[in-house]
Amino acid sequence: MYETMLFARKIDERMWLLNRAGKIPFVISCQGQEAAQVGAAMALDKKQDYVLPYYRDLGIVLTFGMTATDIMLAGYAKADDPNSGGRQMPGHFGQKKNRIVTGSSPVTTQVPHAVGIALAGKMEKKNFVALVTFGEGSSNQGDFHEGLNFAGVHNLPVIFMCENNKYAISVPVEKQLGCEKVSDRAAGYGMPGITVDGNDPLAVYEAVKNAAERARSGKGPTLIETVSYRFTPHSSDDDDRSYREKEEVEEAKKKDAIYTFATYLREADVLTDKIAENMNEKIRKLIDEATEIGEEAPYADPESALRFVYEESGGEN
């Protein structure tokens with residue numbers, strides 16, 4: 001669990017360096033949310049469950065089988081990008097073989113998609129669960145409320161997980177919600193709502209595990225809110241200095257799970273200096289290799305720009 005969290009952080013940091021060097025066009029960061037992502041994904045069955053991640057969910061997609069090379073190919077917008085063949089901006093995760101369902105650019109559209117997948121599973125009497133994630137800003141969108149209402153009415157095996165990182169781009173959470181917590185909204189749709197510490201991967205794991213067991217036993221959906229903090233600007237195109245103080249960010253970093261969870265593991269005699277050293281070296285090599293592959297991989301042919309948009313000659317769609 002810790003290694004995957006660290007892997008996500010290190011990939012993210014490399015992406016920022018590449019962006020600032022002018023080599024990749026865009027980064028939207030997972031930093032500060034890795035614990036919730038990895039804790040949630042590890043509580044699921046990777047052989048049968050579906051995940052519908054939002055754009056920050058590097059920890060979820062790595063847990064479900066994406067590689068650093070997959071991420072870098074997307075970052076560089078190369079033809080072999082498994083998410084979209086370089087057609088979508090980074091963060092639009094999608095990989096059919098690993099049951100990672102692609103998202104759209106408008107936020108929150110993945111919520112009704114997850115509900116539809118859960119409905120299909122129930123109709124076909126399959127035992128999978130759909131997990132969909134989103135930010136707290138998305139919980140103010142119509143897709144969120146329609147999705148929860150439909151899931152509640154039809155008692156569907158879906159887990160809604162809000163990664164509350166305190167900011168919807170530049171809007172702080174206190175200007176987004178009329179209630180105290182996002183999880184308070186669950187009651188209106190006939191499902192349990194729970195808020196957990198998003199910096200504690202074990203707490204998130206437990207919450208999602210319980211929700212998955214509840215869904216598989218026919219008891220319906222759950223809304224989980226994980227509370228953490230977004231350490232970076234909203235994206236590489238954002239300047240967060242215009243809406244929050246540097247001191248606020250530095251104070252939040254004291255709860256950074258990359259360090260607090262490592263401390264917990266060391267105190268439990270699970271993580272040692274030698275294990276940590278080997279882990280960091282392994283991750284560095286994987287990311288260096290992935291960066292080189294991404295850099296050297298070919299772009300898509302210009303002639304392919306309209307593929308999957310218009311019918312091609314010969315009747316192929």
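Glu-295 counts as partly exposed because its relative accessibility is 37%; the class lies between buried (under 20% relative accessible area) and exposed (over 50%), with a 1.4 Å probe and protein chains only. Glu-295 lies in helix 10. Helices here are DSSP runs of H or I with at least four residues, strands are runs of E with at least two, and both are numbered from the N terminus. Glu-295 and Leu-73 are 222 residues apart in sequence. In space, their C-alpha atoms are 8.1 Å apart.

The model is predicted: local features need pLDDT of at least 70, side-chain atom pairs count only at pLDDT 80 or more, and totals for chains, interfaces and linings use all residues. Residues are numbered from 1 along each chain as its sequence is written, and side-chain values use heavy atoms, with hydrogens and water left out.

The segment after helix 10 (273-296) holds Val-309. Val-309 counts as exposed because its relative accessibility is 54%. Together with Leu-306 and Tyr-310, Val-309 makes a nonpolar surface patch of about 340 Å². Such a patch joins nonpolar side chains (Val, Leu, Ile, Met, Phe, Trp, Tyr) within 5 Å, from residues with over 30% relative accessible area and no salt bridge. A salt bridge is a side-chain nitrogen of Lys or Arg within 4 Å of a carboxyl oxygen of Asp or Glu. Accessible areas come from the Shrake-Rupley method with a 1.4 Å probe.

Most residues other than glycine have a negative phi. Ala-77 has a positive phi, near 60°. Ala-77 sits in the loop between helix 4 (68-75) and helix 5 (110-123). With 27% relative accessibility, Ala-77 is partly exposed. Asn-155 also has a positive phi, near 55°. The loop between helix 6 (142-154) and strand 3 (158-164) contains Asn-155. Its relative accessible area is 30%, so Asn-155 is partly exposed.

The structure holds 1 cavity of 30 Å³ or more. A cavity is a set of points on a 1 Å grid where a 1.4 Å probe fits but cannot get out, and lining residues have an atom within 4 Å of a point. The largest cavity has a volume of about 190 Å³, taken as the space filled by probe spheres set on the points. Its lining has 21 residues; Met-15, Ile-71, Pro-90, Gly-91 and Phe-93 are the closest to the centre. Helix 1 (2-20) and helix 4 each supply at least two lining residues. By class, the lining has 12 nonpolar, 6 polar and 3 charged residues. Here Ala, Val, Leu, Ile, Met, Phe, Trp, Tyr, Cys and Pro count as nonpolar, Asp, Glu, Lys and Arg as charged, and the others, Gly among them, as polar.

Terms used:
Patches are made of residues with over 30% relative accessible area and no salt bridge: like charges are joined within 9 Å, nonpolar side chains (Val, Leu, Ile, Met, Phe, Trp, Tyr) within 5 Å. On a 1 Å grid over the protein atoms alone, a cavity is a set of points where a 1.4 Å probe fits but cannot get out, and a pocket is an open set with protein on both sides within 12 Å along at least five of seven lines; lining residues have an atom within 4 Å of a point.
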